[in-house]
Amino acid sequence: MAASGSVVMAEAADSEGSPSVGGGWPVIDGWARATLSPKGPLLWQTLLHKSACLSCAWGTGGQNGGFRDELGEPLQRCLKSVEAISAELQPAVPESVFSGRSIGALQQLSSLEADRLGRLSHPLILRQGRSHYERLGWDDVFVLAEAAFRRPPERVASYSSGRSSNEAAYLLQLLLRAWGSNNLADCSDLCHAPSTVGLAEVFGSGTSMVSLESLQQADCVVLVGSNAPANHPRLMNELIRLRERGGSVLVINPVLEVGLLKFGSPAFPIKSMLRGSEIASLFLQPVPGSDTAVFLGIQKALLEAGSIQWDFLKAHTENWQEVLEPLQATSWEAICACCGLSREEIEQAAAMISRARGVVFAWAMGITHHVNGTANVQAIANTALLSGNAGRPGAGTMPIRGHSNVQGFGSMGVSVKLRAAMQEALEALLGRPLSRVPGYDTRALIEAADSRAVDTLLCLGGNLWGANPDSQQARRALGRIDTVMYLATKPNQGHFHGLAAQTTLLLPVFNRFETPHRTTTESGNNFVRLNEPGSTHLKQADLISEVGFLAELARRLMGSEPVDWGRLQDPAYIRELIARTVPGYGPIAAIDSTNREFSVEGRVFDRPHFPTPSGRARMRPTPLPALSLPGPDHFGGLAPREKGLVLALITARSYSQHNTVVYKPGDAYRGMPHRNTILMNRGDLASAGLEAHQRVTVHGEAGSLEAVEIIPGEIREGAALMFYPEVNVLMTPRVDPRSGTPAFKRVPVLVRSGVSGP
Ligand SMILES: Nc1nc2c(c(=O)[nH]1)N[C@H]1C(S)=C(S)[C@@H](COP(=O)(O)OP(=O)(O)OC[C@H]3O[C@@H](n4cnc5c(=O)[nH]c(N)nc54)[C@H](O)[C@@H]3O)O[C@H]1N2
Ligand SMILES: Nc1nc2c(c(=O)[nH]1)N[C@H]1C(S)=C(S)[C@@H](COP(=O)(O)OP(=O)(O)OC[C@H]3O[C@@H](n4cnc5c(=O)[nH]c(N)nc54)[C@H](O)[C@@H]3O)O[C@H]1N2
Ligand code: SF4
Ligand SMILES: [Mo]
């Protein structure tokens with residue numbers, strides 16, 4: 001379908017009674033409740049603390065204070081930030097929880113219940129054969145950690161999640177690399193790795209080429225596979241402004257997300273909060289996984305309408321012939337059959353792009369979580385280039401990053417794909433070549449552990465168990481590692497299910513606004529923020545800073561060779577090394593004296609000269625995806641007279657969760673009242689003979705979930721949506737071979753009316 005959103009929305013709201021506007025009054029209500037709660041004063045103190053928001057990578061806070069963005073604009077903080085801070089302000093987990101509850105009992109906790117236990121306050125150990133986590137002192141922790149690292153380096157690995165600081169991230173990779181291991185798995189492997197790989201091939205740089213300032217000069221935004229109203233709420237302010245200055249927003253998403261049609265933002269209390277601001281000018285609902293087809297269609301329409309920017313292509317790109325030739329050979333029938341959109345709809349989208357003076361192409365997990373995630377990204381990049389929308393203000397490609405410092409982790413070299421310039425700089429710093437043994441990314445790590453090739457794993461944050469597909473396999477794989485160390489602020493299910501063979505250490509750390517020294521973080525738009533020191537509300541807790549832990553472990557392992565690890569307890573010294581070895585980070589050397597935050601050099605392109613050998617963008621052909629789903633027999637089949645059908649399942653975040661951590665059970669905006677729900681199209685219900693609110697079994701290739709309630713909603717026919725992480729029990733890992741990222745957004749499942757196995 002293509003429609004002006006408001007019409008469709010009126011229908012959706014009438015039929016299911018869920019809000020007809022994203023954001024809106026529930027946001028004000030959320031702020032009021034949080035403010036009036038007993039934690040209110042501490043919450044506000046934290047919001048005003050000079051440190052970057054913990055939650056998403058859109059980024060706010062830092063030296064500008066809690067509510068201002070990098071351009072100094074006020075009121076730039078959202079309720080997601082409040083949720084994240086509130087969770088960190090919980091009291092410590094009572095001693096009795098770990099001494100009183102066995103691992104078996106802790107494994108019964110839901111994600112929400114595990115998070116509600118409180119903050120971790122003392123180091124804990126689960127020893128082989130024991131039933132309970134027990135406290136231990138830091139000295140004992142370091143003895144165990146050091147011994148665990150004294151194994152062959154290629155059998156030692158790390159996994160990280162992007163909430164820690166640049167300083168901790170840099171130290172983590174320096175420790176692993178100096179020790180001889182390249183096994184630096186990171187949550188970005190499960191997230192935007194296809195964007196990094198895809199963009200680096202085309203533009204020579206793997207991040208957004210658009211700054212906030214540049215975005216504000218665009219007059220069209222193409223928003224693909226993003227639920228920004230829930231996951232990057234402040235981006236909505238930019239879309240509201242864009243529409244107000246006469247610009248257009250093209251949304252491409254199989255799910256008609258309410259907030260992408262209309263959004264009420266508290267930043268504009270009068271004009272937007274009351275009735276909501278219109279967001280999508282055109283909303284296209286393609287088949288999940290077909291975005292490359294959509295963009296090939298847009299390119300074909302541009303070509304046929306004579307809207308290709310030939311001068312730009314010839315002057316600033318390479319390989320355009322290799323993209324246009326197969327495009328001409330691809331028929332409209334094939335494109336439309338693949339994506340399920342009509343030629344007219346695609347032509348409308350192309351016309352919107354060619355009419356605009358400056359188009360920013362923005363995307364999130366709906367693009368990357370596919371077996372052809374990297375090709376999806378490159379299909380977008382090609383469209384930007386064919387329409388002349390790269391390398392000038394108000395135009396370009398803008399992946400919308402996830403965790404608040406996930407991009408900083410990439411910049412700091414926490415990746416199995418180390419950039420050549422940084423590799424050289426690190427080799428110069430360490431005075432010797434780095435190991436050439438390829439490292440494990442996240443999926444490779446799980447596979448290697450499963451085949452008993454990993455002895456030791458250090459997790460800097462995250463929930464490796466909960467974030468991976470096939471929870472059974474993840475549990476088995478982690479259970480084949482001798483020692484697993486989890487550095488974390490709060491307990492999560494992974495700490496109870498992802499247990500090592502011999503020793504599991506659960507190590508409590510300061511969060512960003514508590515860390516007793518300055519740190520830095522980098523937003524998705526390449527802006528580096530400086531976070532001031534803080535203190536914790538936890539009384540009598542025994543926390544450690546991440547930098548403190550990593551520097552001490554490295555010192556015990558390597559003393560002062562090849563760098564003075566003891567001195568690396570000083571984050572200002574780490575910043576000095578960052579300035580010397582991380583491309584674009586020169587200004588960090590002076591940040592301690594100037595307090596000046598900065599944009600990473602060489603990332604934002606105001607002119608069409610790209611950091612490739614020729615200075616031109618290198619276009620890549622993107623083949624039309626071959627999308628198919630197996631029949632019911634693939635999942636064991638349907639019993640006689642049993643009702644059911646096979647669907648492409650999107651696994652996504654609910655409104656109130658942060659990744660594997662659930663804050664509140666339901667998602668009012670999608671009309672999903674609890675977590676064991678599946679969003680389905682009414683046409684699919686009718687054709688399969690299933691009913692709204694019926695309880696069904698959902699079978700994947702790795703497992704099944706029972707008593708799942710069907711919620712009818714505005715999702716494309718043939719697709720369904722369920723919430724992660726619970727749904728990870730269902731799926732086997734299928735990955736995009738170019739980036740290693742799993743296809744979380746097109747999981748084949750059988751939905752059936754029976755309750756027990758077929
Ligand atoms: N509050 C909050 N904020 C967060 C997070 C959080 O969990 N909570 N997580 C952070 C992280 S790490 C990340 S990566 C981001 C995630 O931010 P998003 O990528 O917005 O999150 P998802 O919930 O995965 O939703 C993806 C969107 O893609 C759509 N989609 C699914 N399949 C397809 C497809 O094939 N094509 C297209 N075009 N669209 C599709 C879905 O309908 C959904 O609207 O948010 C970050 N910010
Ligand atoms: N099915 C499905 N699976 C998915 C996805 C999906 O859409 N569908 N999305 C994928 C994506 S995009 C991502 S990014 C991954 C996320 O995977 P992860 O990043 O591994 O998981 P999180 O849930 O973000 O990790 C939360 C934990 O981090 C710890 N933590 C929080 N703050 C800090 C800190 O400051 N320091 C330290 N050391 N620890 C801290 C807390 O213990 C908290 O419980 O999941 C992926 N998995
Ligand atoms: S949009 Fe993201 S960075 Fe900004 S306040 Fe909200 S959660 Fe924080
Ligand atoms: Mo992510």
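In what order do the strands of the open sheet of three strands stand? The order is β1-β8-β9, with mixed pairing; two strands are taken to pair if DSSP finds at least two bridges between them. β1 (22–23) and β9 (277–278) stand at the edges with a single partner strand each, so one side of each has no neighbour in the sheet. β1 and strand β8 (residues 262–264) run parallel and are joined by two bridges, and Phe 263 in β8 is the bridge partner of Gly 22.

The model is predicted: local features need pLDDT of at least 70 and side-chain atom pairs count only at pLDDT 80 or more, whereas totals for chains, interfaces and linings use all residues. Residues are numbered from 1 along each chain as its sequence is written, chains are lettered from A and ligands numbered from 1 in the order in which they are written, and side-chain values use heavy atoms, with hydrogens and water left out. Helices (H or I, at least four residues) and strands (E, at least two) are DSSP runs numbered from the N terminus.

Ligand 1 is surrounded by 31 residues, the closest being Glu 257, Gly 289, Asp 291, Gln 657 and Asn 659; a residue is counted if one of its heavy atoms lies within 4 Å. This shell divides into 12 nonpolar, 14 polar and five charged residues. At least two residues each come from α12 (228–231), α20 (365–368), β21 (644–652) and β22 (657–658). An oxygen atom of ligand 1 is 2.9 Å from a side-chain N or O atom of His 370, and an oxygen atom of the ligand is 2.9 Å from a side-chain N or O atom of Arg 653. A nitrogen atom of ligand 1 lies 2.7 Å from a backbone N or O atom of Gln 657. Taken alone, ligand 1 exposes 910 Å², of which the protein buries 99% (Shrake-Rupley method, 1.4 Å probe).

The shell around ligand 3 includes Cys 53, Cys 56, Arg 77, Cys 78 and Arg 234.

Lys 490 lies in the loop between β15 (483–488) and α27 (494–497). Its relative accessibility is 9%, so Lys 490 counts as buried (under 20% relative accessible area, 1.4 Å probe, protein chains only). The side chains of Lys 490 and Asp 115 are joined by a polar contact of 2.8 Å (a pair of N or O atoms within 3.5 Å, one able to donate a hydrogen and the other to accept it).

Note on methods. Buried < 20%, exposed > 50% of the residue type's maximum accessible area, 1.4 Å probe, protein only. Nonpolar A, V, L, I, M, F, W, Y, C, P; charged D, E, K, R; others polar.
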